Amino acid sequence: MSTTIDVPESSNVVKGKAVLVAPQRAAGWKKGIAIVDFILRLSAIAASLGAAATMGMSDQTLPFFTQFFQFEASYDSFSAFQFFVITMALVAGYLVLSLPFSIVTIIRPHAPGPRLFLIILDTVFLTLATASAASAAAIVYLAHNGNQDSNWLAICNQFGDFCAQTSGAVVSSLVAVVALVLLIIMSALALGKH
């Protein structure tokens, strides 16, 4: 024995079937977050690659009396800057490899697996990016201001180009850090709204 429910034609319900509107809105919302996720990943790739390249190419030589006796400032003179270049290159590499997973979240906005995978790895690489940006920022600060207590001299008066490049690299890395923070927040929101 089957029963049929008579529903007026003007309502949002087809005879005998209810139209589900809320899941469609949720799918659209999650798809929008996934698209913003992809765009943020592209910008984080550009920022981290720019930071690594700028720091890796930072070099300035000042002649002192003769060409045989010169002062040189280069990123490889500081272990914090070497760590910075390697870490930012790793972050950029990870972000490039995470793009296919980001595309999967666009195609399948309700799939929690790729989002959970991305949120875990984004957190790991956020930690690496933050550590390298902080260590490089500390050295850049010392290069600009020096430290009287430990007899560090401010070298930016003589090595202006070097300091400008390293400062730009640190700013670019902080842009990548902010992008990673936003990616983690958006992924957490998308995972929490089912």
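Which helix gives the most to the nonpolar patch? Helix α4 (residues 160–192) does, with five residues. The legends below take a friendly walk around this predicted model.

**View 1. The whole protein chain has four helices and two strands.** Along the sequence they follow the pattern α-β-β-α-α-α; helices (H or I, at least four residues) and strands (E, at least two) are DSSP runs, numbered from the N terminus. Of the 194 residues, 36% count as buried, meaning under 20% relative accessible area, with exposed being over 50% and partly exposed in between (1.4 Å probe, protein chains only).

**View 2. Trp29, Val178, Val181, Leu182, Ile185 and Leu189 make a nonpolar surface patch of about 500 Å².** Patch residues have over 30% relative accessible area and no salt bridge, with like charges joined within 9 Å and nonpolar side chains (Val, Leu, Ile, Met, Phe, Trp, Tyr) within 5 Å. A salt bridge puts a side-chain nitrogen of Lys or Arg within 4 Å of a carboxyl oxygen of Asp or Glu. Areas come from the Shrake-Rupley method with a 1.4 Å probe; for residues, only the protein chains shown count as cover.

**View 3. Leu182 sits in helix α4.** Leu182 counts as partly exposed because its relative accessibility is 38%.

**View 4. Just after α3, Gly146 takes a positive phi of about 70°.**

**Notes.** Residues are numbered from 1 along each chain as its sequence is written, and side-chain values use heavy atoms, without hydrogens or water. Local features need pLDDT of at least 70 and side-chain atom pairs count only at pLDDT 80 or more, while totals for chains, interfaces and linings use all residues.
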